[in-house]
Amino acid sequence: MRITGTKSIYSIKCLFITVVVLVLLGGPSTEAEVDENTVAVWLFDEGAGDVVKDVSGNGHDGEFAGKPKWVKAEFGGGLEFPGDDSGYVVVKSTKKLELETLSIEAWVKVEESTGKWQGIVCKQQAGCGNRNYGIWVHVDQSVLHSEIGANGACGFTIDATTDITDNKWHHLAFTFDGKMGRAYVDGELEIEAPNGTTFQSADPITLGVPNLNNANGLKGIIDEIRISNVARTEAEIQEAMDVGLAAILNVEPGGKLATRWGYLKRVP
């Protein structure tokens with residue numbers, strides 16, 4: 001459940017203050033505290049350069065293709081994508097990214113409906129033939145569209161119900177536990193449906209487009225992506241939405257004190 005109540009909020013604020021003080025004193029390690037089910041986390045806090053660091057420690061750094069733009073986002077920094085193939089991110093595949101069960105979570109601010117499938121986080125070289133998984137903005141419904149490959153094709157798809165093309169921040173999540181797929185928007189379950197067999201591929205992950213050199217790009221900003229090899233619970237998804245992944249993973253890279261204060265200020 002979402003964190004509510006005076007005591008819970010007070011506890012979170014105390015925790016964040018403690019972390020900030022420790023950082024000022026040269027405290028905890030800059031390494032992320034990642035559970036065994038987390039396979040990739042991109043916080044987009046670099047602010048410059050052409051590499052997006054995977055802070056999970058699993059080495060899934062993303063490289064720019066073209067020129068997505070560093071901007072301020074929901075938590076610290078983010079990447080703004082132009083809506084075509086002139087700027088996106090490519091992550092080379094590993095066995096850890098070839099998933100049968102999964103969760104994809106991301107903060108996304110979609111500027112508008114473009115009349116195209118806007119790729120957000122997708123693992124496929126081209127089309128349905130070798131699709132492993134992904135989340136998109138639906139081509140005409142303007143909602144979260146989620147898929148996991150089945151039998152080497154677009155075998156399982158679900159569409160949420162909230163319009164996410166309103167130029168506002170939305171937390172999006174798609175989970176699949178081997179039997180049931182679920183889509184969440186802003187921490188709330190909007191649709192679930194059963195699925196059977198799945199298909200894995202060694203194709204790269206692209207952030208901001210459906211696949212390499214595809215003009216169906218996202219027109220908007222992405223912040224804080226986590227990919228897991230299990231279906232996260234609703235409570236876990238809401239926690240990531242409420243306090244941010246950096247707080248959960250205890251990530252405090254050099255120069256990110258301002259970002260940590262941003263988390264503290266964001267809690268009501």
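Strand 7, residues 102-110, is mostly covered, with eight of its nine residues buried. The model described here is a predicted one.

**Strand 7 and its partners**

Strand 7 pairs with two other strands. Strand 12 (residues 169-176) runs antiparallel to strand 7 and is joined to it by eight bridges. Within this pairing, Val108 has His170 of strand 12 as its bridge partner. Strand 16 (residues 219-228) also pairs with strand 7 in the antiparallel sense, over seven bridges. Here Lys109 stands opposite Ile221 of strand 16. As a general point, side chains in a regular strand alternate between the two faces of the sheet.

| Residue | Relative accessible area |
|---|---|
| Gln118 | 1% |
| Leu99 | 4% |
| Ser201 | 6% |

Why does Leu99 count as buried? The cut-off for buried is under 20% relative accessible area, and Leu99 counts as buried because its relative accessibility is 4%.

Leu99 sits in the loop between strand 6 (87-91) and strand 7. Beyond its neighbours within four places in sequence, Leu99 is in contact with Asn132, Tyr133, Ile148, Gln200, Ile227, Ser228 and Asn229. The C-alpha atoms of Leu99 and Thr198 are separated by 8.7 Å, although these residues are 99 residues apart along the chain.

Gln118 belongs to strand 8 (residues 118-123). Which residues does Gln118 contact, leaving aside its neighbours within four places in sequence? Among them are Val110, Glu112, Ser113, Trp136 and Val137. The list also includes Asn216, Gly217, Leu218 and Lys219. Gly220 is 102 residues from Gln118 along the chain, and the C-alpha atoms of the two are separated by 9.6 Å.

Ser201 is found in the loop between strand 14 (188-194) and strand 15 (205-207). A polar atom of the Ser201 side chain lies 3.4 Å from the backbone nitrogen of Asp203. Leaving aside neighbours within four places in sequence, Ser201 is in contact with Ser93, Glu98, Lys123, Asn130 and Asn132. Asn132 is also one of the contacts of Leu99.

**Helix 2**

Helix 2 covers residues 234-243, and its buried residues include Ile237, Gln238, Ala240, Met241, Asp242 and Val243. In general, an α-helix has 3.6 residues a turn, so residues three or four places apart point the same way. Just after helix 2 comes Gly244, which takes a positive phi of about 90°.

Technical notes. Residues numbered from 1 in each chain as written. Predicted model: local features only at pLDDT ≥ 70, side-chain atom pairs only at ≥ 80, totals over all residues. Heavy atoms only, no water. Helix = DSSP H or I, 4+ residues; strand = E, 2+ residues; numbered from the N terminus. Buried < 20%, exposed > 50% of the residue type's maximum accessible area, 1.4 Å probe, protein only. Contact = heavy atoms within 4.5 Å. Pairing = 2+ DSSP bridges. Polar contact = N/O pair within 3.5 Å; in protein donor to acceptor, adjacent residues only side chain to side chain.
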